[in-house]
Amino acid sequence: SPPFFKNPKITSRGKKVTVEFPKEEPLREDATYTINFGESIVDFTEGNPAEGFRFVFATGDKIDSLTFEGTLEDALDQKPVKDILVLLYDVLEDSVVVLDKPFYYARTDAEGKFKFENLKNDTFKLLVLEDLNFNYLLDEEVERLAFPDSFYVLRDSVVYNPVLRLFKPKSRVRILNSSS
């Protein structure tokens, strides 16, 4: 996180992992990046996964340290929803959710909880997205979503813990072609 439009090239050889970032997408200035390895790194002899292993680095002079967490529920039955994408944007225009990838992203766990770490001081737009297309962009015709009614201003002493409700938007009628 932040995600790229073109995935980094990841190779491994023995105990060494190399990550090459796409040349077409330079790293952002003064940003903290997190590479989440999930359970893909395992003990060499016994095969036990290194759960939650992350590599964090910064392109500026400090690693950002703020956290932001919350919970996601289904709007119909208020049960937790797992493995749903939660997105934070540092661009606040409405169109960003269909045009650009988020600055940070996380996934909900089995209890519907999500947590962002290593965030910068900034104002963010939040969107929860089912992301059936695996592209980090909203396709409102097929994907469920959730969003709050305001932005989040993250600072050192501010704590948020929103409960969001995932819903399927009503389909809209669109005119694709007309003739007189």
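1. Strand β5, covering residues 66-74, pairs with β8 in the antiparallel sense over 5 bridges. Here, two strands pair if DSSP finds at least two bridges between them, and strands are DSSP runs (E, at least two residues) numbered from the N terminus. Within this pairing, G70 stands opposite F114 of β8.

2. A word on the source: this is a predicted model, where local features need pLDDT of at least 70 and side-chain atom pairs count only at pLDDT 80 or more, while totals for chains, interfaces and linings use all residues. Residues are numbered from 1 along each chain as its sequence is written, and side-chain values use heavy atoms, with hydrogens and water left out.

3. Now the sheet itself. It is open, with 3 strands in the order β8-β5-β12 and mixed pairing. β8 (113-119) and β12 (163-166) are at the edges with a single partner strand each, so one side of each has no neighbour in the sheet. From one strand to the next, the twist averages 30 degrees (axes are lines fitted to C-alpha atoms, and angles run from 0 to 180 degrees between N-to-C directions).

4. Have a look at F116, which lies in strand β8. Is F116 buried or exposed? F116 is buried, at a relative accessible area of 2%; buried means under 20%, with a 1.4 Å probe and protein chains only. Leaving aside residues up to four places away in sequence, F116 touches L66, T67, F68, V86, L87, L88, Y104, Y105 and A106, a contact being heavy atoms within 4.5 Å. The C-alpha atoms of F116 and G70 are separated by 9.2 Å, and the two residues are 46 apart along the chain.

5. On to the rings: there are 13 aromatic pairs in the structure. Rings of Phe, Tyr and Trp (its six-membered ring) pair if their centres lie within 6.5 Å, and planes under 30 degrees apart count as stacked, over 60 as edge-to-face and the rest as tilted. F103 and Y104 make an edge-to-face pair, 4.5 Å centre to centre with 90 degrees between the planes, and both residues are buried. For F114 and F116, the centres are 6.0 Å apart and the planes at 70 degrees, so this pair is edge-to-face too. F114 and F116 are both buried.

6. Which residues do ring pairs link into a cluster? They are F68, F114, F116, Y152 and Y160.

7. One last item: the charged end of K120 sits over the ring of F103, 4.5 Å from its centre. The cut-offs for this are NZ of Lys or CZ of Arg within 6 Å of the ring centre and within 35 degrees of the ring normal.

Definitions and conventions: Helices (H or I, at least four residues) and strands (E, at least two) are DSSP runs, numbered from the N terminus. Buried means under 20% relative accessible area, exposed over 50%, partly exposed in between (1.4 Å probe, protein chains only).
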